[in-house]
Amino acid sequence: MALSAGSAPAMGAVPDGQEELLVNGTFDTGSDPWWTNAGMTPDTATGELCVDVPDVANPWGAIIGQNDIALQPGSEYVLTFTARAARAVTIRPIVQPAEYAPGDPYLSSDAQLGTDPVTATYTFVTPDQELPVANQVQFQLGGEGAYEVCFDDISLVGPPYVHVPETGPSVKVNQLGYLPDGPKNATVVTEATTAQPWTLVSDSGWVLAGGDTAPQGVDPSSGEAVHTIDFSSYAGEAHGVRLTVGDETSHPFDIDAQLYQELRTDAMRFFYTNRSGTAIDGSIAGTEYARDAGHVGVLPNQGDNAVPCQEPKEWMDGWTCDYQLDVTGGWYDAGDHGKYVVNGGIATYQLLSTYERTLHADVVDPGALADSTLQVPERGNGVPDILDEARWNLEFLLKMQVPDGEPLADMVHHKVHDVEWTGLPLLPSEDPKPRALHRPSTAATLNLSAVAATGARLWEEIDPEFAGDLLHASRTAYAAAHEHPDLFAPRADGQDGGGAYADDEVQDEFYWAAAELFLTTGEARYERDLTANPLHKSDVFSEGFYWGSVAALGRMDLATVPSRLSDRHRVRRSVIEGADHLVALQADEAFGQTYTPADGRYPWGSNSSMLNNQVVIATAFDLTGNPAYARSVLEGFDYLLGRNVLGKSYVTGYGTDDARNQHSRWYARSLDPSLPNPPRGSVSGGPNSSIQDPISSAWLEGCLPQWCYVDDIRAWAVNEITINWNSALAWVASFVADVSARRALAEHC
Ligand code: 9MR
């Protein structure tokens, strides 16, 4: 550490290549984001920050500080401030990692203050090694008796942190591996303009296969010049093999017919540890995932047992309610503790659909989704475990319906969550915030109607009473939505304590609900409604489906679930045409992605956009038996499991370099070592061109789509886990596991 004290440069004179790293060091905008301890209340009325320091024993008993400062290793920084005190005192300016361990401040010094303002400057050099991502500036003020101190013009100038992602070998492969009879593709990032020789090498160094790369020019999703490698002709089983091009060698991978069997169950097990309203049993989930029940009314939780409606806001159009609902149970949505109907709905539906597919498709592994195939408490009850898991959230969704006799009866509350955002880490059982029910919406109501109708046909034989409850809820919700067709969840309702899940286009929800009710009941009125909906004949696949756009779900079920639909043949063709379009786009993607946005930007949760398109392509396989579709789905997995420009497997526990620091309040190991990482089989949302969170927006500015990602727990816009993304993973992994178990990939037909 080099240290010198001297006179200060004027505020704002920042040398080229350097930046002011503190926010609001002039206190022009109040005191945020400066913090204080010891109960000190900052006063910025005079344009300085003044505090009354109490009489505490230690210097660190009274501090003002600022967090979240990213510093570059081995670099020089200058800390400057002006301060005065009511009498002569000594204070301690410090710059150090936010998680302080004794001995490692970058700067720790003394400053003598008096009644006249003193300007002090300190120069220091950070250690030449990887630094913690979050650092802080603090002024220790205690140990001097009680006095008043005022600061102004606090500045930290130096090189801004430049995020250089670790991208691993330039030969990008599916780090889990490939199926012996499946497609085998890889991508090489290289400036070479001509084809290069590649070899496939065994773990003991034998050359198993070889050929030439195919130059592809600059790939728009990464901005990199790339070549592709097709080594599908190698059909042997092998473990720990690598692809080599010139001096570059890929991560190791396997060629194994069993590759996807575990991913199927891991992706589904994700839901158990996301359950609300029940203790998570370590003997079922694994000891590190054991935790107390969340939101059951045990302090400090307020509980979801009797949740009131949210406080009135101007955009609620006067809506309020005076009842309270028991909305315990369900799954937490994501890294937050909220429970949202439209997202919980599509996630539940995708688990139901994963199971329902196995009832109607030709290529399935019989029994793979039977009872006792997952680690869940209901294992052994005679009911397929995946249905037990889905029922956990279905029962919650039913509780969100407005009771009879109330205004908006049978509509469905859009969501329930904390009234304010909480910080990380925070176990569900430790969340102290009050919770509120949010205004019912047409989208949530129709979403429940569609999911409950789907459930009604699946439980018809397993539990007729539950099936009856589901169908009743579905019908009443459907009717209520027709009475209130434009009660939209407002965009403004996403500021405090939960996401908005805003959706003011609900023709697709009307279509989906009508389709599921028709498939379950066969009733002509629902068929009339769905065939009269303009979406019945329009392209519902090019844009992809997600929680806010669900017509494709109705269309695919109309194609695959048996019914007497009058134009069922045309509907089946429309799914195949939708898949053909996606497969054609994939053929032009040098990393094999199954998602090519028209505007070239990756959306929030792009990995789920990939997976949901794989669902469409897989459905075309189920409709036609053409292995080209199944091969396309498999190639889509290559991207998710490491064949991407970052060389990152986006599924925790799968591959050499896997995402494991996803944004979550309780799988928050990178913030608290006593907590676990997300469980194996958790998919990250992945690259998001809009980089809305503070970390990705600071580190990834100007990123091309594939680069808009960082495996940091604070990067909530690019690296979260959610139930609707894992449900997509579960669906596609289950499909691939079935197809590989049945060896249905041979390239013919
Ligand atoms: O997945 C949601 C994405 O489609 C939206 O664009 C985004 C902003 O509204 O919200 C995402 O959902 C988040 C939700 O609002 C709160 N829980 C975590 C969800 C995943 O990030």
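Student: What should I know about the model before reading its features?

Tutor: The model is predicted, and local features need pLDDT of at least 70, side-chain atom pairs count only at pLDDT 80 or more, and totals for chains, interfaces and linings use all residues. Residues are numbered from 1 along each chain as its sequence is written, and side-chain values use heavy atoms, with hydrogens and water left out.

Student: Which residues are around the ligand?

Tutor: A residue counts as near a molecule if one of its heavy atoms lies within 4 Å of it. Here the residues around the ligand are Asp333, Ala334, Asp336, Tyr340, Gly499, Tyr501, Trp547, Trp604, Glu720, Thr722 and Trp725. For the classes, Ala, Val, Leu, Ile, Met, Phe, Trp, Tyr, Cys and Pro count as nonpolar, Asp, Glu, Lys and Arg as charged, and the others, Gly among them, as polar; the shell around the ligand then has six nonpolar, two polar and three charged residues.

Student: Which side chain has a polar atom 3.0 Å from a nitrogen atom of the ligand?

Tutor: A polar contact is a pair of N or O atoms within 3.5 Å. In this model a polar side-chain atom of Asp333 lies 3.0 Å from a ligand nitrogen atom, an N or O atom in the side chain of Asp336 is 3.1 Å from a nitrogen atom of the ligand, and an N or O atom in the side chain of Tyr501 is 3.2 Å from an oxygen atom of the ligand. The ligand taken alone exposes 450 Å², of which the protein buries 80%, with accessible areas from the Shrake-Rupley method and a 1.4 Å probe.

Student: How is a pocket told from a cavity?

Tutor: On a 1 Å grid over the protein atoms alone, a cavity is a set of points where a 1.4 Å probe fits but cannot get out, whereas a pocket is an open set with protein on both sides within 12 Å along at least five of seven lines, and lining residues have an atom within 4 Å of a point. Grid points are joined across faces, edges and corners, and a volume is the space filled by probe spheres set on the points. The second largest pocket holds about 490 Å³ of space, and of its 27 lining residues Asn185, Gln586, Ala587, Glu589 and Glu635 lie nearest its centre.

Student: Which element supplies the largest share of the lining of that second largest pocket?

Tutor: Helices (H or I, at least four residues) and strands (E, at least two) are DSSP runs, numbered from the N terminus. The largest share of this lining, five residues, comes from H12; strand E18 (214-219), strand E19 (224-230), helix H10 (568-587) and helix H12 (627-640) each give at least two residues.

Student: How many cavities of 30 Å³ or more are there?

Tutor: The count comes to five cavities of 30 Å³ or more. About 60 Å³ of space lies in the largest cavity, and among its 14 lining residues His414, Arg439, Ala489, Pro490 and Asp493 lie nearest its centre. The second largest cavity has a volume of about 40 Å³ and is lined by Tyr178, Leu179, Pro183, Tyr260, Leu634, Glu635 and Asp638, with three of these residues, the largest share, coming from H12.

Student: Which peptide bonds are cis, and which residue other than glycine has a positive phi?

Tutor: Most residues other than glycine have a negative phi, and most peptide bonds are trans. In this model a cis peptide bond with omega about -5 degrees joins Asp32 and Pro33, and the bond from Leu424 to Pro425 is cis with omega near -10 degrees. Asp317 has a positive phi, near 50 degrees, and is found in the loop between helix H2 (282-285) and strand E23 (339-340).

Key: Polar contact = N/O pair within 3.5 Å; in protein donor to acceptor, adjacent residues only side chain to side chain.
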